[in-house]
Every structure is written in structure tokens, then in C-alpha cells.
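Biologist: Could you put the model up? I would like to go through it with you.

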Amino acid sequence: MITACPECDTLVEIDSIESQKRAVCPNCRCVLCHVQGRQNQLVQAFSFSALLFLFASLFPDFISYTQHGITQVVSLWQALILLAEHYSYFLAGLFAFTILVMPVAVCSLLLLAHTEYWQIINAHNARHLAKLLSALKPLNLTDIFLVAVLVSAFKLMSFAELEMGLGFWAYILFVLCFIEALSLFDHEYMWRNQTQCNRHLVEPNNLSSTLKRCKVCGFLGEGEKCQRCYAKLKYRKSQSTQKSLAWMLTSVVLLLPANFLPIMDTISLGLHTPATIFSGVQVLWEAGSYPVATLIFLASICIPIAKALLLSYLLVRVKKPKDPITATKVYRLLEFIGRWSMIDVFVVIILVSLVQLGTVLNVEPEIGIVFFTLMVLCQIAAVNSFDPRLLWDKNNQ
């Protein structure tokens, strides 16, 4: 079988996927495929367990807190409804997508892709379902949300007495099972196991320079459309560097109001305390929560600046090709750290949706959180628009 590395476009010939523990690109060391077998049953088990724990975490008590003799008990579902009814549909939609829509869709698709029904499902439907899974998988923010819950708990400790409910512990188990299911999932195996899509498939038998790697299913072919999923075949993402530069510059413009405008307002006994990202870090540091303050500082202030600098480095390396291995490692680092800037967004969402004690204690969102969310999304779009294969073009000529 001939495959291509998704990051450097190196063509690699593999005699048998089943005989390999894993196939690795000889250039950039990207993992191309994993061994299957018992792994299929593990993906099914973890996906099903994740769904059970997710639904078990929605309705039981998630967190309870007490201040001045007043106790408030909130579940995740109640928090979502409260956020939508009283504050922001945008934040409520982001909240619902993160904790419910995306995990349910991904777990359901993982279960489907590892059953016998997947092999006989209509080819047209299989293509759309597989494309949906490919699009949703990189949007996993459940682990970031869990960390944000813990950060929010540390912040609340300075205002009230906290107690974690059954829903919180169920959510932790859900995150562990969900992440494990995603780590065991093999995208290439899913496509090769779809009988209908591969019925009339003609795989290339030589390492030709005219082969194109499908951006959706990874199949190598020639022509305008992929034989397997019918997606348009392109040598590179169109206008990759221009789009990345545009998204990055937009995020830099949004960075200023995101950091200097208040992101939330804490109202305790009628006293308003607006907080920016930096002032929130300062309060946590002065309160002795050094690990949490450091985490927020790195994720919300350092990482956005570092991402802009590192992406600028990659854009320069495309124009002046040099040391593509190091540049590829920088790209992987950008993919990994990009999601962590969402911590502050989720902290605000959690505090706004959970902390509602009338005139005693309230947390309300401010305009800064909108700018910060847009800034993070623009940076994610900038990284996703960049084509790492451009770094290797001169090396592969």
C-alpha cells in the first residue's frame, strides 16, 4: 500500500498495515497508521463508556456553594439553560457544543465506525459521516473545559464554600474515556474498512510525483476528485499562507481589547468588581494560588503572543525554506497549544452559569470575553489554514 504523510507529503510504501505496530514517515516522523485488532473493541468500549458518563454528568448536582448561609446547587444542564436564558446565546452555544453536541456526535460516529454495519452502509452516507468525524475530532475541548472547571473552583473558594457533586465526578470519568477513545482511533483504518467506498477503488502502484493526497480521507490518487470520498484533490491548500497571515493579523488586532477590557464582573453584596485577564491572574497570585495563576497567565497571555510569533516564523520558513524538521515540530507545537487559550473563555462561562445568588453573589460576562473568544478562534483558524507540506516542497523536489 502507498500512502502519503499529511505533514510533509512524503510518499511511503507499506507492505502490510496489519503487520506493522505503526508506520512512521521517514522524514518528519509523523505516525501514519497504527495496528488494529483488539484496539477496535477498546474504541467501542471507551466510546460507549464516555456516552454513559456524559449523560450521567448532565442532570445530577455538578457543584454546590454556600455564602452567607445561602446555598446554590447547580447541574450542568441547569447551567446551560441559565446561560442561554439570561446572558448570551453565543456563550451558551459554545458551552453546549463543547460539553454535549461534539462529544455525543463523535462518540456515536466512533461506535458506528467500529461495527459491522459500517462496512455495509451506503457509500454516499459513509462519506458524509466520515467527513463529519474528521471535522469534529480536532474540535475536542473537553479536557480544556475540565481544567477550566478546576480553575473556576479555585476562584470560587475565595467567595464561598464549595462541594463537588456526583455530576462533577461523572464528568471526569467521561473526559478520561473520551480522550482514550480518540487516542486509539485510526482514521485510515476507518476508511479502509468501509467496503462500499473501496469497492471500485484502484490504488496507485508506484510512487509517482503526480499523486495527490486527499485532505479528507488521505487516499492517494490523480485527477480532480478523490476516488474514495469524492472530495476535490489539490496539491496544496489554496492560498494557505495568505489566509494564515490574514487570520493571524486579525487575532493580533483583537489581542489588545481582549487583554485590556474586562471579561467578567463579580457582584458581591452590591459591590461590582470588574476583572481583566491580567487582574484575574494578579488576584489569584496574591491569594496564594500560584499554580492556577501561572496556568492562566501562560494560557491566556503568553500562548496567544507565542502563537503569533511562531506562526510568523513558519510563514517566513515557507518563503525561505530551511530546516523543515524544526519547522514541522513548531507546527505540531502550535496545534497542541492552540486549544489551551480557551481556558479563560470556559472559566467565564462556568462562573456566569453557576454563580447566581441574587444580590449576595453574581458573576456577569463583559465585552472583553467576546474579543478574547474571537481572538482565540482567529488563531485556531490561522493554524488550520496553514499547510505544513509547504515547508517540505523544496526538500522534496
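Modeller: The chat below goes through the chain as a whole and then some of its residues. This is a predicted model, where local features need pLDDT of at least 70 and side-chain atom pairs count only at pLDDT 80 or more, while totals for chains, interfaces and linings use all residues. Residues are numbered from 1 along each chain as its sequence is written, and side-chain values use heavy atoms, with hydrogens and water left out.

Biologist: How many helices and strands in the protein chain?

Modeller: The protein chain has 15 helices and 12 strands. These are DSSP runs numbered from the N terminus, with helices being H or I of at least four residues and strands being E of at least two.

Biologist: And what percentage of the residues is buried?

Modeller: Of the 397 residues in the protein chain, 51% are buried. Buried means under 20% relative accessible area, exposed means over 50%, and partly exposed is in between, with a 1.4 Å probe and protein chains only.

Biologist: What is the accessible surface of the chain?

Modeller: About 18800 Å², and carbon and sulfur atoms hold 63% of that. Accessible areas come from the Shrake-Rupley method with a 1.4 Å probe, and for residues only the protein chains shown count as cover.

Biologist: Which residues make the nonpolar surface patch?

Modeller: F90, L261, I367, V370, L374 and L377 make a nonpolar patch of about 450 Å². Helix 14 (residues 367-385) gives the largest share, 4 residues. Patches are made of residues with over 30% relative accessible area and no salt bridge; like charges are joined within 9 Å, and nonpolar side chains (Val, Leu, Ile, Met, Phe, Trp, Tyr) within 5 Å.

Biologist: Why does L377 count as partly exposed?

Modeller: Because its relative accessibility is 39%. L377 sits in helix 14.

Biologist: Which residues gather in the positive patch?

Modeller: K215, K225, K232, K234, K237 and K243 gather there on the surface. Lys and Arg count as positive and Asp and Glu as negative, while His and the chain ends are not counted. The place of a charge is taken as NZ of Lys, CZ of Arg, CG of Asp or CD of Glu.

Biologist: Where is K237 in the chain?

Modeller: In the loop between strand 9 (220-221) and helix 9 (240-260). K237 is partly exposed because its relative accessibility is 37%.

Biologist: Switching topic, how many salt bridges does the count give?

Modeller: The count is 1 salt bridge, where a side-chain nitrogen of Lys or Arg has to be within 4 Å of a carboxyl oxygen of Asp or Glu. R389 pairs with D387, with the closest N and O atoms 3.0 Å apart. Both R389 and D387 are buried.

Biologist: Back to helix 9. Is S251 there buried or exposed?

Modeller: S251, in helix 9, is buried because its relative accessibility is 2%. Leaving aside neighbours within four places in sequence, S251 is in contact with M375, C378 and Q379, contact meaning heavy atoms within 4.5 Å.

Biologist: What about F260, buried or exposed?

Modeller: F260, also in helix 9, counts as exposed because its relative accessibility is 65%.

Biologist: Last one. What is the phi of D323?

Modeller: D323 has a positive phi of about 50°, although it is not a glycine. Most residues other than glycine have a negative phi. D323 lies in the loop between helix 11 (290-319) and helix 12 (324-337).
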